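Please look over the sequence and the model below. The report that follows takes selected sites and contacts in turn.

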Amino acid sequence: MMPVSTQLPQGVHVFERGWLSSNSVLLQGDGQAVLVDSGYHTHAPLLLDLVHQQLQGRQLDVLLNTHLHSDHCGGNAALAAHFPALQTWIAPGQAQAVAQWDAQGLHFASTGQHCPRFAADRTLQPGEHLALCGQSWEVHAAPGHDPHSVVLFAPSTGVLVSADALWENGFGVVFPELEGEDAFDAVGATLDLIARLEPRLVIPGHGSPFVDVPSALARAYSRLDHFRRKPMSHLRYGLKVLVKFKLLELQTWPLAALYQWAANTPYICALHRQHFADMSLPDCIDGVLTELASAGALRLEGGLVRDMG
Ligand SMILES: [Zn+2]
């Protein structure tokens, strides 16, 4: 909720809004204002307030998306409606899907999430250097969590915007793996890239900015090693994240509606069919809910599931 200003270079603000929305990073300088990622659509009014407070009457010029998950680009449409001259730049690979608004290709429908339609003006090319707000930012491909993701690095300040490739404690679900594609090597290669960049400070896609990058990398490598040795634990983690994300959005959910949502969500059905078919889908979901409840992430009250933050 609050802009995190400590340790951040001048002209960089981070808007943190819990785990439903990704962080948004506001860059200002040289008469330009740029925002990286826009959060989940339900938080768009809050994002607009925060951006307005910081911009103090000036316009937002450019919106960049590190990748097109609904919790990173859900506020794009609201921002474009508010700032008519706004340029939206997206990571490459899905420009066609955005132009045609192919909800399947964009994975919003398959994950049971929603993202209001937006348009893109240009793609970010890995290897290019962007001049943003008087600073040079390198664009690096960062596949793994998402095959099309990029991360942004400013060599002059050592700041890395790492999206969901590296968090202080781990990294985002490796979505291609949920679809049966090998992507753990890509996660490892992206962590290697981050290690080579030697960032001074990382602004992750979720959670607070952090400076102890070597420790975060060590935790991420160890988590990756665990998933490689026990891929089923990663699939289960993916299932839990999909359910918890929807619960974060809805807060309170009748159990029957949750079962119905799961039965209509292709990612969950595919995961169930391919890996947990020894039990019914409701039994599989019950197992996930029990695990989330014992971790304190939700509470089961009669026929209701209640998010516990
Ligand atoms: Zn993501």
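## Zinc site

Histidine 145 and aspartate 164 are both buried. This is a predicted model. In it, a zinc ion is coordinated by His67 through NE2, His69 through ND1, His145 through NE2 and Asp164 through OD. The distances run from 2.1 to 2.4 Å. Along the sequence, the donor residues follow the spacing H-x1-H-x75-H-x18-D. Histidine 145 and aspartate 164 link distant parts of the chain, 19 residues apart. Histidine 145 sits in the loop between strand S8 (135-141) and strand S9 (150-154). Aspartate 164 sits in the loop between strand S10 (159-163) and helix H5 (175-178).

What is the geometry of the site of the zinc ion, given angles of 88 to 173° among its four donor atoms? The site is irregular. Four donors count as tetrahedral only if all angles lie between 85 and 135 degrees.

## Serine 149

The loop between S8 and S9 also holds serine 149. Is serine 149 buried or exposed? Serine 149 counts as buried, because its relative accessibility is 3%. Leaving aside residues up to four places away in sequence, serine 149 touches Thr66, His67, His140, Ala141, Ala142, Pro143 and Ala163. One of these, His67, is also a donor to the zinc ion.

## Positive phi outside glycine

Glutamine 56 is not a glycine, yet its phi is positive, at about 50°. Glutamine 56 lies in the loop between helix H1 (44-55) and strand S4 (62-65). With a relative accessible area of 70%, glutamine 56 is exposed.

Cysteine 133 is another residue other than glycine with a positive phi, near 55°. Cysteine 133 lies in the loop between strand S7 (129-132) and S8. Cysteine 133 is buried, because its relative accessible area is 11%, and the cut-off for buried is under 20%.

## Helix H6 against H7

Helix H6 (residues 184-197) and helix H7 (residues 213-229) have axes that come within 11 Å and cross at roughly 170°. H6 is therefore roughly antiparallel to H7. From H6, the contact uses Phe184, Asp185, Val187, Gly188, Leu191, Asp192, Ile194 and Ala195. From H7 come Leu217, Ala220, Tyr221, Leu224, Phe227 and Arg228. By class, the contact of H6 with H7 has ten nonpolar residues, one polar and three charged.

Glutamate 198 is in the loop between H6 and strand S11 (201-204). Glutamate 198 counts as exposed, at 67% relative accessibility. How are glutamate 198 and glycine 158 separated, 40 residues apart along the chain, and by what C-alpha distance? Their C-alpha atoms are 7.6 Å apart.

## Helix H7 against H8

The axes of H7 and H8 are 4 Å apart, and the two pack at an angle of about 110°. H7 is therefore roughly perpendicular to H8. On the H7 side, the meeting residues are Arg223, His226, Phe227, Arg228 and Arg229. On the H8 side, they are Pro231, Ser233, His234 and Tyr237. The contact of H7 with H8 divides into three nonpolar, three polar and three charged residues.

## Helix H10

Which residues of helix H10 (residues 266-275) are buried? They are Tyr267, Ile268, Cys269, Ala270, Leu271 and His272. The cover over these buried residues includes H5, helix H8 (231-250), helix H9 (255-263) and helix H11 (281-294).

Notes. Residues are numbered from 1 along each chain as its sequence is written. This is a predicted model: local features need pLDDT of at least 70, side-chain atom pairs count only at pLDDT 80 or more; totals for chains, interfaces and linings use all residues. Side-chain values use heavy atoms; hydrogens and water are left out. Donors are N, O and S atoms within 2.8 Å of the metal (3.2 Å for Na, K and Ca); water is not among the atoms, so sites may look incomplete. Four donors count as tetrahedral if all angles lie between 85 and 135 degrees; four count as square planar and six as octahedral if opposite donors are over 155 degrees apart and all others between 65 and 115; anything else is irregular. Buried means under 20% relative accessible area, exposed over 50%, partly exposed in between (1.4 Å probe, protein chains only). Axes are lines fitted to C-alpha atoms, for helices over the stretch in contact, and angles run from 0 to 180 degrees between N-to-C directions. Angles under 35 degrees count as roughly parallel, over 145 as roughly antiparallel, 65 to 115 as roughly perpendicular and the rest as oblique. Contact means heavy atoms within 4.5 Å. Ala, Val, Leu, Ile, Met, Phe, Trp, Tyr, Cys and Pro count as nonpolar, Asp, Glu, Lys and Arg as charged, and the others, Gly among them, as polar.
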